[in-house]
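Colleague: I would like to go through the labels on this model. Please set each value against its cut-off.

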Amino acid sequence: MIPFDESYCLDSFRRLLAADSTTGQYEEVQRVVCAMLDELGVPYTLVRKGGVIADLGGEGEALCVTAHLDDIGLMVRHPNADGTLNVCPVGGLYPFYCMAENVRVHTRGGRVFTGTVCRTPNSVHVTEEELRAVAPDFRSNVCVVLDEDVKSAADVRALGIETGDMIALEPRCTVSNGYVKSRFVDDKACAAVLLAAIRALRENGLALKRKVYAYFAVYEEIGHGTTWLPADVKDILAIDIAPTGPEQNSDEHKVSIFAKDSRFPYHWGMTNELRQTAIDAGVDYVMDIFTPHYGTDCDGSILAGYDVRHAAIGPGTANSHGYERTHLDGLRSTYELLLAYLTR
């Protein structure tokens, strides 16, 4: 087994995080991935709707390994009368998981403005007790306050900010005692693991036992990342986070093999292959089930009607769709299982 290059994986993760990519706004992060594949000497094609498919070589029935680059975030619904922004979520972002977060507003004209997600009213000291107890709601008492001297909707529009502009949350990535804390571990950390595996394959001349694609998708968070696949794909393997919780087996120090999500079970035969690969390679793994609110890009491929086997693996991750946390051990175990499966 080629050792996990922790530094390369973390550097790749940070490079991906530096490109804001709220679902639908894919151009910048797509350019970053293309540059990284160019550095590795890996050929690739672009998907018309967005996304990158790298050809890792090999022959025979094709396996598609996918990790997604899109992030949950916000969109401008309209400027408010007081110069704040009324916003709506893109993907599964909930108000209680983004309050007081710094953001970047990307206009369709190419300008970027900073701001903060705030309650209205936004100061506890001048908020009535009954209002403090009300849950945050994007439609009624949550807004984005711009770091600009604006007092009206007209002031906001004069900056070029309008309905439909994208709002990205600040990732705030840090690593402490092996724990990786950041927004968008889901799924940019997994994309970084995939890149680390590709690098190991290329630099060490490891032989693939079948044809393999690496699909960096950009619409997973809204359900149609891999609803189109190359015609020769027979199997699809998603690399995605394994949410932790009181009823979960998943652990931040381990890789999870997904048995079922909120839609349906994963393919019995392919899942068993992954399990046996983990056992044979001595990878620290667990099996887990993710309900009632979880799915991967594999689901989109199945629902689109593709006759493929589907499976998913990923690092145990806490605080999903919030300020997420995993551990380098979990990323390493995911890498080890992926590399072992690609070369089994």
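**Labels and their cut-offs**

Modeller: The structure holds one cavity of 30 Å³ or more. This is a predicted model: local features need pLDDT of at least 70, side-chain atom pairs count only at pLDDT 80 or more, and totals for chains, interfaces and linings use all residues. Residues are numbered from 1 along each chain as its sequence is written, and side-chain values use heavy atoms, with hydrogens and water left out.

Colleague: What makes a space a cavity?

Modeller: On a 1 Å grid over the protein atoms alone, a cavity is a set of points where a 1.4 Å probe fits but cannot get out. The volume is the space filled by probe spheres set on the points, which are joined across faces, edges and corners. For the largest cavity that gives about 40 Å³.

Colleague: Which residues line the largest cavity?

Modeller: Lining residues have an atom within 4 Å of a point. For the largest cavity they are I72, R183, F184, D186, E221, H321, G322 and E324. H321 also has a positive phi, near 65°, and is not a glycine. H321 sits in the loop between β17 (309-317) and β18 (324-327).

Colleague: Why is the pair of Y94 and F96 called stacked?

Modeller: Rings of Phe, Tyr and Trp (its six-membered ring) pair if their centres lie within 6.5 Å; planes under 30 degrees apart count as stacked, over 60 as edge-to-face and the rest as tilted. By this rule there are seven aromatic pairs. The centres of Y94 and F96 are 5.9 Å apart and their planes are at 25°, so the pair is stacked.

Colleague: What makes F96 and Y97 a tilted pair?

Modeller: The rings of F96 and Y97 are 5.1 Å apart, centre to centre, with 45° between the planes. Ring pairs also link F258, Y266, F290 and Y294 into a cluster.

Colleague: How do you know whether F96 is buried or exposed?

Modeller: Buried means under 20% relative accessible area, exposed over 50%, partly exposed in between (1.4 Å probe, protein chains only). F96 has 56%, so F96 is exposed. Y97 has 31%, so Y97 is partly exposed.

Colleague: Why is T334 given its burial label?

Modeller: The relative accessible area of T334 is 0%, so T334 is buried. Leaving out residues up to four places away in sequence, T334 touches V193, I239, V255, I313, G314 and P315; contact means heavy atoms within 4.5 Å. T334 lies in helix α8 (residues 328-342). Twelve of the 15 residues of α8 are buried.

Colleague: What makes R172 count as a charge over a ring?

Modeller: NZ of Lys or CZ of Arg must be within 6 Å of the ring centre and within 35 degrees of the ring normal. The charged end of R172 sits over the ring of Y323, 4.1 Å from its centre. R199 lies over the face of Y8, at 4.6 Å from the ring centre.

Definitions and conventions: Helices (H or I, at least four residues) and strands (E, at least two) are DSSP runs, numbered from the N terminus. On a 1 Å grid over the protein atoms alone, a cavity is a set of points where a 1.4 Å probe fits but cannot get out, and a pocket is an open set with protein on both sides within 12 Å along at least five of seven lines; lining residues have an atom within 4 Å of a point.
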